[in-house]
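Hi,

Here is the structure I promised to pass on.

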Amino acid sequence: MEKPTLISFKLCPFVQRSVITLLEKKVDYEIKYIDLANKPDWFLKISPFGRVPVLQVGEHVLFESAVINEYLDEVNPPSLHPTVPIEKAKQRAWIEFASAINMDQYLLTMTKDKQEFDKKLSDLNAKFSQLEAILPNGFSDSLYFSGKTFQLIDTSFAPAFMRFDFLEKSKANLKFFENFPKLALWSKTLLSKDSVKNSVLPEVPEEYIRYIKDHNSYLGSLI
């Protein structure tokens with residue numbers, strides 16, 4: 001396989017999904033960072049939506065993190081997807097659910113007033129309740145979406161969990177999973193993995209908090 005190049009904005013959770021997959025599969029790759037506030041012309045020519053991630057493989061260009069991860073999974077066995085078609089389809093659906101959580105999380109950090117913040121937090125809690133209900137029972141030390149096995153779907157939730165962790169460690173004193181023990185264990189399990197810990201640059205936690213503050217959001221005033 002030709003050495004791929006991943007185009008990234010270092011705070012983007014969707015890029016992080018693909019980085020986790022690359023690291024988990026021990027793929028030799030290059031990464032190129034851009035500023036999304038000042039997108040270079042060469043990037044706009046290859047990214048139909050003008051957003052990251054973009055994966056370049058020779059003359060080929062892939063976009064959208066779920067598609068990129070599917071490709072990386074197929075060409076770098078063994079697969080991180082279930083082998084049973086219905087289970088694979090169900091996980092693909094929940095990967096879309098993870099994308100919705102990423103968007104809710106972003107809106108939570110950007111909203112300007114407490115009323116809207118509380119509404120976004122309520123939206124997230126509703127999604128947390130849905131996830132808590134479908135996660136397997138009976139695990140005390142570690143937990144993945146399917147139980148004991150790390151799969152592609154876990155790469156899709158890990159970036160959101162990492163950002164919730166950044167916020168919990170801030171001055172805002174937030175406890176996102178206080179009422180969701182299985183989610184708390186799933187998050188702890190994923191954040192302890194090397195492929196997740198090494199999927200962002202060392203400065204990302206600080207820059208993530210600064211990014212929120214710089215947008216003069218309600219949460220920015222708390223952290």
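Predicted model: local features only at pLDDT ≥ 70, side-chain atom pairs only at ≥ 80, totals over all residues.

**The core**

The largest nonpolar core has 65 residues. Phe157, Phe161, Phe164, Leu183 and Trp186 are the ones with the most contacts inside it. Helix H6 gives this core its largest share, 10 residues. As general background, nonpolar side chains in soluble globular proteins tend to be buried together.

H9 covers residues 204-214, and its buried residues are Val204, Tyr208, Ile209 and Ile212. Looking down the axis of H9, these buried residues fall within an arc of 135°, so they line one face of the helix. What do the buried residues of H9 pack against? They pack against helix H4 (85-110) and helix H6 (152-168). On the face turned away from the buried side you will find the exposed residues Glu206 and Asp214.

Just after H9 comes Asn216, with a positive phi of about 50°, and Asn216 is a residue other than glycine. Asn216 counts as exposed, at 61% relative accessibility.

Met103, Tyr106 and Leu107 make a nonpolar surface patch of about 270 Å². Of these, Tyr106 sits in helix H4, and at 38% relative accessibility Tyr106 counts as partly exposed.

**Salt bridges**

The count comes to 16 salt bridges. Here are a few to look at.

- Glu70 pairs with Arg92, with the closest N and O atoms 2.8 Å apart. Glu70 is in helix H3 and Arg92 in helix H4, so this pair ties together parts that are 22 residues apart in sequence. Glu70 is buried, with a relative accessible area of 16%, whereas Arg92 counts as partly exposed at 37%.
- Lys90 and Glu87 meet in a salt bridge at 3.5 Å, N to O. They are three residues apart in helix H4, which puts about one helical turn between them. Lys90 counts as partly exposed at 42% relative accessibility, and Glu87 counts as partly exposed at 33%.
- Lys119 and Asp123 form a salt bridge at 3.4 Å, N to O. Both lie in helix H5, four residues apart, about one turn of the helix. Lys119 has 44% relative accessibility and counts as partly exposed; Asp123, at 26%, counts as partly exposed too.
- Lys3, Asp28 and Glu30 are linked in a network of salt bridges.

**Contacts across the sequence**

Which residue is 171 positions from Leu23 in sequence but 8.5 Å away in space, C-alpha to C-alpha? That is Asp194. Leu23 lies in helix H1 and counts as partly exposed, at 28% relative accessibility. Leaving out residues up to four places away in sequence, Leu23 touches Tyr29, Ser195, Asn198 and Ser199.

Thr111 is another one to look up. Thr111 sits in the loop between H4 and helix H5 (114-134). Is Thr111 buried or exposed? At 10% relative accessibility, Thr111 counts as buried. Again leaving out residues up to four places away, Thr111 touches Glu116, Phe117, Ser217, Tyr218 and Leu219.

A cis peptide bond joins Val52 and Pro53, with omega at about 5°. Pro53 is in the loop between helix H2 (41-46) and strand S3 (54-57). Another cis peptide bond joins Pro77 and Pro78, where omega is about 5°, and Pro78 lies in the loop between helix H3 (65-75) and H4.

Lys26 is not a glycine, yet it has a positive phi of about 55°. Lys26 belongs to the loop between helix H1 (13-24) and strand S2 (30-33), and Lys26 is exposed, with a relative accessible area of 73%.

Cheers

Notes. Residues numbered from 1 in each chain as written. Heavy atoms only, no water. Buried < 20%, exposed > 50% of the residue type's maximum accessible area, 1.4 Å probe, protein only. Helix = DSSP H or I, 4+ residues; strand = E, 2+ residues; numbered from the N terminus. Arc of directions from axis to C-beta. Contact = heavy atoms within 4.5 Å. Patch = residues over 30% accessible without salt bridge, like charges linked within 9 Å, V, L, I, M, F, W, Y side chains within 5 Å. Areas by Shrake-Rupley, 256 points an atom, 1.4 Å probe, with all protein chains shown as cover. Salt bridge = Lys/Arg side-chain N within 4 Å of Asp/Glu carboxyl O. Core = buried A, V, L, I, M, F, W, Y, C linked by side-chain atoms within 4.5 Å.
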